[in-house]
Amino acid sequence: MAGGIGSRFWPMSTQKFPKQFQDILGTGRTMIQQTYDRISKVIPKEQIFVITNKEYVHVSHQQLPEIPEENIVGEPLMKNTAACNLYMANKIAEINPDATMIVLPADHLILKEDTFLEKVELAFEVASKNDYLVTLGITPTRPDTGYGYIQFVEKKGSEYFKVKTFTEKPILEIAQSFLESGDFLWNAGIFVWNVKSIHHAFNLYLPEMMQHFMACEYNSEKENSCIETIYPKVQKISIDNGILEKAKNVYVIPSDLGWSDLGTWTSVYENTEKDKDGNAVKLKHLLSYNSKGNIIRLKNNNKAVIIDGLENYIVVDTDKALLICPRDNDQLIKDYVLDLKSFKKGEKFM
């Protein structure tokens with residue numbers, strides 16, 4: 001899944017060039033390329049599909065030339081994750097009606113790739129043999145409102161557990177209570193299920209959406225025009241709200257993956273090398289005085305930067321925008337972007 005605009009990661013991530021197509025941590029590979037590198041170790045490239053906004057089909061082809069051109073699909077409208085999951089399940093089921101598929105966000109960081117591949121193999125085994133909707137769960141490290149939370153029923157001796165409750169992106173106070181309780185995991189947005197199982201779930205919980213998508217002939221010349229016709233009619237809802245919160249057959253595999261969705265500047269700070277003062281800075285020309293705990297990103301790394309008396313701040317400078325805000329405010333950046341859209345030329349914006 002590569003259709004998001006990453007608004008919490010502004011101003012580096014923009015609607016025209018969102019974070020999944022950028023090399024956020026300076027590794028030499030973009031986020032979508034790293035996701036491909038990871039999963040291509042267990043799935044042949046001919047069986048890997050990308051679903052994105054039609055605006056990003058071209059850049060997806062550019063960054064992933066290994067994937068067959070017909071496997072990169074553009075949605076005509078942003079309809080959240082339920083629609084794109086059903087769309088891809090239908091395309092895959094048309095090729096193999098008994099297929100078990102994995103759903104991966106294109107913009108996540110996974111440091112422990114060997115562990116990830118082991119958990120994926122386990123998830124495939126569980127989902128292929130049972131009518132289960134399987135997700136990977138991560139032990140939370142902070143009360144983040146940008147993640148879904150999973151409460152599960154522990155069973156000794158098992159590697160996977162039945163989900164008790166599933167809550168998508170709670171408010172801060174609820175996220176804090178989840179963290180304090182100790183029996184919640186983050187939903188990593190990584191799902192494994194058989195196409196028959198996910199079709200059954202859509203029939204139960206989103207039957208109208210299922211009916212819309214049944215109208216199309218997948219992997220044919222008629223597919224694109226049909227998708228263009230039905231998408232305006234399709235409900236905009238996440239797979240979490242539409243299916244996972246309601247389904248009784250959701251199972252979770254606790255997974256220590258060194259995982260982050262790199263959705264906020266705090267998560268980038270936590271996963272970036274720091275200097276002796278705890279500043280996450282990758283610049284050629286930096287003078288730092290009495291400053292610590294900052295993250296600084298510039299599009300032009302040849303620009304000289306001086307910071308003095310700055311503590312726990314985010315500073316991001318691009319061609320078109322400059323962001324300066326405390327790191328503990330990074331959950332509000334999405335709100336800043338919404339305010340900026342209503343900002344008129346000539347007005348003061350503070």
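Biologist: Let Ala, Val, Leu, Ile, Met, Phe, Trp, Tyr, Cys and Pro count as nonpolar, Asp, Glu, Lys and Arg as charged, and the others, Gly among them, as polar. How do the residues lining the largest cavity divide?

Modeller: This is a predicted model; local features need pLDDT of at least 70, side-chain atom pairs need 80 or more, and totals for chains, interfaces and linings use all residues. Numbering runs from 1 along each chain as its sequence is written, and side-chain values use heavy atoms, without hydrogens or water. The lining consists of Thr35, Arg38, Ile39, Leu104, Pro105, His108, Ile110, Phe116 and Ile190. By class, these residues are six nonpolar, two polar and one charged.

Biologist: What is the volume of the largest cavity?

Modeller: A cavity is a set of points, on a 1 Å grid over the protein atoms alone, where a 1.4 Å probe fits but cannot get out; lining residues have an atom within 4 Å of a point. Points join across faces, edges and corners, and the volume is the space filled by probe spheres set on them. The count comes to one cavity of 30 Å³ or more. The volume of the largest is about 50 Å³.

Biologist: Which element gives the most to that lining?

Modeller: Helices (H or I, at least four residues) and strands (E, at least two) are DSSP runs, numbered from the N terminus. With three residues, the top contributor to the lining is helix 1 (residues 31-39).

Biologist: How many residues of strand 8 are buried?

Modeller: Strand 8 spans residues 184-194 and is mostly covered. Buried means under 20% relative accessible area, exposed over 50%, partly exposed in between (1.4 Å probe, protein chains only). The buried count in strand 8 is 11 of 11.

Biologist: In strand 8, which residue is the bridge partner of Val103?

Modeller: Strands pair if DSSP finds at least two bridges between them. Strand 3 (residues 100-103) runs antiparallel to strand 8 over four bridges. Strand 5 (residues 133-138) also pairs with strand 8 in the antiparallel sense over four bridges, with Thr135 bridged to Phe191. For Val103, too, the partner is Phe191.

Biologist: Which residue of strand 8 does Ile150 stand opposite?

Modeller: Strand 6 and strand 8 are antiparallel partners, joined by four bridges. There, Ile150 faces Leu185.

Biologist: Why is the pair of Tyr149 and Phe178 called tilted?

Modeller: Rings of Phe, Tyr and Trp (its six-membered ring) pair if their centres lie within 6.5 Å; planes under 30 degrees apart are stacked, over 60 edge-to-face, the rest tilted. A whole-structure search gives 15 such pairs. Here the centres are 5.3 Å apart, and the pair is tilted because its planes meet at 55°.

Biologist: How many residues apart are Tyr149 and Phe178?

Modeller: Tyr149 is buried at 0% relative accessible area, and Phe178 is buried at 12%. Tyr149 lies in strand 6 (residues 148-153) and Phe178 in helix 5 (residues 172-181). The pair links distant parts of the chain, with a separation of 29 residues.

Biologist: How far from the ring centre of Tyr269 is the charged end of Arg327?

Modeller: A charge sits over a ring if NZ of Lys or CZ of Arg is within 6 Å of the ring centre and within 35 degrees of the ring normal. Lys274 places its charged end over Tyr269, 4.8 Å from the centre. For Arg327 over that ring, the distance is 3.8 Å.

Biologist: Is Asn219 buried or partly exposed?

Modeller: Asn219 has a positive phi of about 60° although it is not a glycine. The loop between helix 7 (207-214) and helix 8 (223-230) holds Asn219. At a relative accessible area of 38%, Asn219 is partly exposed.

How values were computed:
1 Å grid on protein atoms, 1.4 Å probe; cavity = no way out; pocket = protein on both sides within 12 Å on 5 of 7 lines; lining within 4 Å.
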